[in-house]
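Please keep the sequence and the model open while reading.

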Amino acid sequence: MTDRRRFLKGSLLGVSASMLGWGGKLAAGPMRRGAADANHAAKASAARVVSTWDFGVAANQAAWAILGKGGHALDAVEAGAQVPESDLRNHSVGKGGYPDRDGHVSLDASIMDADGSCGAVAALEHIEHPISVARRVMERTPHVLLVGEGALQFALEQGFRKQDLLTPEAEQAWHEWLKTAKYQPSINSEVHDYGRTGRPGGAHNHDTIGMLAIDAHGRMSGACTTSGMAWKMRGRVGDSPIIGAGLYVDGEVGGATSTGVGEEVIRNAGSFLVVELMRQGRSPHEACKEAVMRIVKKRREASKTLQVGFLAMNRNGEVGAYAIQHGFTYAVCDAQKQDALIPSQSVYTTSYS
Ligand code: SD4
């Protein structure tokens, strides 16, 4: 274990409930099986995973199945991100995602570890789990980002199965859209309830899952995966696979991820900005708010009708978020609470209509 890792572990074990931005408390853990077990429980209680939106609740539970057993944060965020990627009711991530304006489901994803290792894919078609291809890019290539045909070629070489990702429901929605063929990113501010009651939500056309996890050993990792903006131009890439825009992790500071109109996030190197603000001493909440305000200041008029949200967690496990529009939620899961869903604060406090 490196000195830095030891330091992270120590700082996590030292975190107090009052430090948790979302108001959670650390569980004491079962003590009856002796000191070793108590020690393991105390370490597991320092683990935490957070995700964007309400479908993050189900994703967090898959991540927790790994974190709760002392597993690696990287495995946890990959497993968690795979949940919405496979959920056909979810039209903004993975299989079942709404296609581009020409009818192609084209996926973006990135993954990042505490030491700066990262991998990403953009405009990847025919592969159900772009997050896992992103991880292979990180672990098995000298590169960070593969796109389009090349990303698909790599995925197939790695044994991923080629499949049709356009579901009948998504295809029907695309045909509906073609009647007007007007590209208008809509504000995603309603509660979907994916993974909780199983009810699909309303007409959302952009919701990305961004996840950040700290494991029992103090290791932090992040993942982000999306089908991007529905009805986008063919070849359009959003913020999600751009390291520093849709996702950024630095084990010495913390991590951040974003959701919403990716063009605005890219213009401001959003997630990198949030992490750098935390490095300068801001809390995750303050850092997310400042990053949102930078976008709003530059795009005063346009920001009234667009959504961007940031979610951040620092190395102590403190969590914060901020969005332009009302309605952004994030899910938090740790040893004490498995399914907390928390409303983010926002610039505008009522839904845009
Ligand atoms: C994108 N940021 O492709 C993604 C879409 C999204 O909530 O987040 N939706 O721009």
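## A buried asparagine

N314 is found in strand β9, residues 308-314. Strands are DSSP runs of E with at least two residues, helices runs of H or I with at least four, numbered from the N terminus. The model is predicted: local features need pLDDT of at least 70, side-chain atom pairs count only at pLDDT 80 or more, and totals for chains, interfaces and linings use all residues. Residues are numbered from 1 along each chain as its sequence is written, and side-chain values use heavy atoms, without hydrogens and water.

N314 has a relative accessible area of 9%, so it is buried (under 20%; exposed is over 50%, partly exposed in between; 1.4 Å probe, protein chains only). It touches I214, M220, V253, G254, M278 and P284, not counting residues up to four places away in sequence. Contact means heavy atoms within 4.5 Å.

## Aromatic pairs

The structure holds four aromatic pairs. Rings of Phe, Tyr and Trp (its six-membered ring) pair if their centres lie within 6.5 Å; planes under 30 degrees apart count as stacked, over 60 as edge-to-face and the rest as tilted.

W53 and F328 are edge-to-face, because their centres are 5.0 Å apart and their planes at 70°. Both are buried.
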